[in-house]
Amino acid sequence: MVAIVLRVNHFEVAEAESGAAGLKAFAESPFDAAIVDIFLGDTSGADVIATLRERAPTLPIVAVSGMTALDFVDQSPHLANVVCLQKPFRPNDLLQALRKAQAAAGGKLAAAV
C-alpha cells in the first residue's frame, strides 16, 4: 500500500523486504527519504534508522509502527527528528508524515523516495 500511494503521487520508490536489504539498497543508491517499519523480521527498525542516520544525518525518515505507544523514539538520539506514523493509516496520513519528516530534516524532498 505504501509503495502504491507514493507511486500514484509521483515518487520513485525502492522497496526492501528486510532491514538488511533496505540498508544495502541505500548504500547502492541513497534515497531522498526513508519509510521504516519499526518491527522487521531480521532486525529492529530503530537499528535501521540509526544506521541510516550515521550514513545520512539529515535524511527525512518516517517510522511506521502498529504500537499504540510510540515512545521508542525517545530511546536513541538517532531517532531525533523521526516522524512516527501509527498503523493503520490512510494514504493522506502517509503523505503528510513524509512532508513533516522533510521539514524536520530541514531539507527539500525531491520526487524520489
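Q: Which residues of strand 1 form its covered face, and which its uncovered one?
A: First, how strands are assigned: helices (H or I, at least four residues) and strands (E, at least two) are DSSP runs, numbered from the N terminus. In strand 1, Ala34 and Val36 make up the covered face. Ile35 and Asp37 make up the uncovered one.

Q: What kind of model is this, and how are residues numbered?
A: This is a predicted model, where local features need pLDDT of at least 70, side-chain atom pairs count only at pLDDT 80 or more, and totals for chains, interfaces and linings use all residues. Residues are numbered from 1 along each chain as its sequence is written, and side-chain values use heavy atoms, with hydrogens and water left out.

Q: In what order do the elements of the chain run?
A: From the N terminus on, the order is α-α-β-α-β-β-α. That comes to four helices and three strands.

Q: In what sense do strand 1 and strand 2 pair?
A: Two strands pair if DSSP finds at least two bridges between them. Strand 1 and strand 2 have four bridges, in the parallel sense. Ile35 has Val62 of strand 2 as its bridge partner. Between the two strands, the chain crosses through helix 3, and this β-α-β crossover is right-handed. Right-handed means that, with the strands pointing away from the viewer, the path from the first strand over the helix to the second runs clockwise.

Q: Which residues of the largest nonpolar core touch the most other members?
A: In soluble globular proteins, nonpolar side chains tend to be buried together. A nonpolar core here is a set of buried Ala, Val, Leu, Ile, Met, Phe, Trp, Tyr and Cys residues joined through side-chain atoms within 4.5 Å. Buried means under 20% relative accessible area, exposed over 50%, partly exposed in between (1.4 Å probe, protein chains only). The largest core has 15 residues, and Ala34, Val36, Ile49, Leu52, Leu59, Ile61 and Val82 touch the most other members. Helix 2 (19-28), strand 1 (34-37), helix 3 (45-55) and strand 2 (61-65) each supply at least two residues. Helix 3 gives the most, with four. A second, separate core has 14 residues, including Ala33, Val64, Leu98 and Ala101.

Q: Which residues of helix 4 are buried?
A: Asp93, Leu94, Leu95, Ala97, Leu98 and Ala101 are. Their cover includes helix 1 (2-8), strand 1, strand 2 and strand 3 (83-86).

Q: How far does helix 4 reach from its first C-alpha to its last?
A: The expected span of a helix is 1.5 Å times one less than its number of residues. Helix 4 has 15 residues and reaches 21 Å, close to the 21 Å expected.

Q: Is Gly106 buried or exposed?
A: Gly106 is exposed, at a relative accessible area of 66%. Gly106 lies in the segment after helix 4 (91-105) and takes a positive phi of about 75°. Thr58 is 48 residues away in sequence, yet the two C-alpha atoms are 7.4 Å apart.

Q: Where is Pro60, and is Pro60 buried or exposed?
A: Pro60 sits in the loop between helix 3 and strand 2. Pro60 counts as buried because its relative accessibility is 9%.

Q: Which residues does Pro60 touch?
A: Contact means heavy atoms within 4.5 Å. Leaving out residues up to four places away in sequence, Pro60 touches Asp32, Ala33, Ala34, Ala101, Gln102 and Ala105.
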